[in-house]
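Below are some notes for reading this structure alongside its sequence. Please go through the points in order.

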Amino acid sequence: MLKSSLIAWLARFFLVYLCMEKIIIRNFTKLLVLFLVVFLNIGAAPKLGKATYYSHKMEGRHTSDGGKYRRDSLTCAHLTYPFGTILKVRNPKNDKEVIVKVTDRGPHSRKLMIDLSYRAAQELDIVRAGIAQVEITKLDSMPVNNFRDSILMNADLVKLEMKK
């Protein structure tokens, strides 16, 4: 809702700007392409970086978002993405993918981009290596493959709302 109202406001702004300044069509096209790239994340490429996973010692400890770390959950730590952001993490060596939720801050090393929960690391098959190159893509919404996943996802959202 907010995104559509922002887009409508910006469209009106560009029309008023065009009428006042009488810009030629070529420059308007450049402005429109810039707007689409910046505000709608068109052309956002996946980010490559190294991933590791949480130690077993972290089990039950509090994460930065206030929850507790569980090694069987599909969560991660990232320095810049907001809490609750859904990320798709792919291991380019074996093309395995996992969808995780940002619940913590880290890793606190320049060499690493993301800390995964133990289960997410298992899904990507990086437990033995410890550190692996991964491709990270931000998802706008959680993909639901079937009805069962939909019910489980909604149950998790209800639990989160009840905690607040």
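1. Tyr-53 is partly exposed, as its relative accessible area is 23%; the class partly exposed lies between buried, under 20% relative accessible area, and exposed, over 50% (1.4 Å probe, protein chains only). Tyr-54 and Tyr-69 form a tilted aromatic pair, with 4.5 Å centre to centre and 40° between the planes. Rings of Phe, Tyr and Trp (its six-membered ring) pair if their centres lie within 6.5 Å; planes under 30 degrees apart count as stacked, over 60 as edge-to-face and the rest as tilted. Both Tyr-54 and Tyr-69 are buried.

2. The model is predicted: local features need pLDDT of at least 70 and side-chain atom pairs count only at pLDDT 80 or more, while totals for chains, interfaces and linings use all residues. Residues are numbered from 1 along each chain as its sequence is written, and side-chain values use heavy atoms, with hydrogens and water left out.

3. The count of aromatic pairs is 2. Tyr-53 and Tyr-118 form an edge-to-face pair, at 5.6 Å centre to centre and 70° between the planes. This pair links distant parts of the chain, with Tyr-53 in strand 1 and Tyr-118 in helix 3, 65 residues apart. Helices (H or I, at least four residues) and strands (E, at least two) are DSSP runs, numbered from the N terminus. Tyr-118 is buried, with a relative accessible area of 15%. Arg-71 lies over the face of Tyr-118, 5.0 Å from the ring centre; for such a placement, CZ of Arg or NZ of Lys must be within 6 Å of the ring centre and within 35 degrees of the ring normal.

4. How are the strands arranged? A closed barrel of 6 strands runs 1-5-2-4-3-6, with mixed pairing; two strands pair if DSSP finds at least two bridges between them. Strand 3 (residues 86–91) and strand 6 (residues 132–139) run antiparallel and are joined by 5 bridges. Val-89 stands opposite Ile-136 in strand 6.

5. The largest nonpolar core has 17 residues, of which Leu-87, Val-89, Val-100, Ile-114 and Leu-116 touch the most other members. Such a core is a set of buried Ala, Val, Leu, Ile, Met, Phe, Trp, Tyr and Cys residues joined through side-chain atoms within 4.5 Å.

6. Is Thr-63 buried or exposed? Thr-63 is buried, with a relative accessible area of 9%. Thr-63 is placed in the loop between strand 1 (47–53) and strand 2 (75–77).
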